[in-house]
Amino acid sequence: MILLRVPGTLEYRNLALRAVSEACRIAQHDEWEGASLEAQTVSALGEAFNNIAIHSYAGRPAGDVVVEISWTRDEIVMQISDDGRSFDPELVELPDLDALPEGGMGLFIIRSFMDEVEYQAGPPNVLRLVKRRAARAEGEIAPMSTRSPARAGGSSKLPSSGRSGSMPRGNADADRDRDPSASGWRMLAVDAGAATSLRKTGTAKQK
Amino acid sequence: MKHSRTDNGNETVLTIEGTLDAVTAPELRSVVDDLVNESRKEVTLDLAALRLIDSSGVGVIVSLFKRVRANGGQVRITGLRDQPRAIFRLLRLDRVFPV
């Protein structure tokens, strides 16, 4: 496991990326998918770090970013924590790639490259990203879920304070096939007793 | 990030090396402004030595593409590989730029 605590400013971003790059090398994950595994994990962590430095700590003194990277033969897990402003994943729209956007692609990159994306608003805000060994279909993006540990009785992997969300992966094309009226995002809200989760599936808008 | 610009007639080759991200993208924006203000019509981005790009870096390249195209020109990309190639494929930019 690699545990890294750095100031939440962009100048420390590359340090975090080097850590996950090294984790991929140690875990021999290159055997999975060649260079793409490292490219995907580095890209996702980079976008997550950007979001914290640019948005979460915007307009306030930058606090720390804690990056925890763990791995097995079958998956690599990155947990990124900060004490800045939280965001609502439900309000983040997927980009319209045909419109050639110049911004707003960070979360899409994260969800596209990761197999599981879970966000818990804090403090601390905790973003948990999982990349699994299993092959995935191109165009598939990770769903995102949100849970309230207070109502759900806590999460085994996330701090127990604040709201949390997980973005499970879904196949957007398949989702559209099942629901022709759906365009872009589709939200599935589940409230099963003590546990509350919000699940989003979708893909970039296509014309 | 390092960048260098070579003009040859109507064509400009802009070589970008290293990392194009939220830290370095603002530096490249001034280069893009120059190319657009000079109405360069044929711009080639040599990305063979680009090691890493993030969404901020992509934003600058897309901005260059849109502005040059609006002036009646075009932007080509050469040498795309590894992580930058994965990002371009994901964002479907490999279908937009002549690669």
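How much area do chain B and chain A bury between them? About 1,900 Å², with 63% of it on carbon and sulfur atoms; buried area here is the accessible area (1.4 Å probe) that two parts lose on being put together, summed over both. On the chain B side, Leu90(B), Leu91(B) and Arg92(B) lose the most area to chain A, together 28% of what that side buries.

A quick word on the model, everyone: it is predicted, so local features need pLDDT of at least 70 and side-chain atom pairs pLDDT 80 or more, while totals for chains, interfaces and linings use all residues. Residues are numbered from 1 along each chain as its sequence is written, chains are lettered from A in the order written, and side-chain values use heavy atoms, leaving out hydrogens and water.

Back to the interface. Counting contacts as heavy atoms within 4.5 Å, 23 residues of chain B touch 25 of chain A. There are 4 salt bridges between the chains, meaning a side-chain nitrogen of Lys or Arg within 4 Å of a carboxyl oxygen of Asp or Glu. One of them joins Arg13(A) to Asp54(B), at 3.1 Å from N to O.

Now, over to chain A and its strand β5, residues 125–132 (strands are DSSP runs of E, at least two residues). Seven of its 8 residues are buried, so the strand is largely enclosed by the rest of the structure; buried means under 20% relative accessible area, with a 1.4 Å probe and protein chains only. β5(A) pairs antiparallel with β3(A) over 8 bridges, and pairing takes at least two DSSP bridges. Leu127(A) in β5(A) has Ile80(A) opposite, and Tyr119(A) also stands opposite Leu127(A).

Note on methods
Buried means under 20% relative accessible area, exposed over 50%, partly exposed in between (1.4 Å probe, protein chains only). Helices (H or I, at least four residues) and strands (E, at least two) are DSSP runs, numbered from the N terminus.
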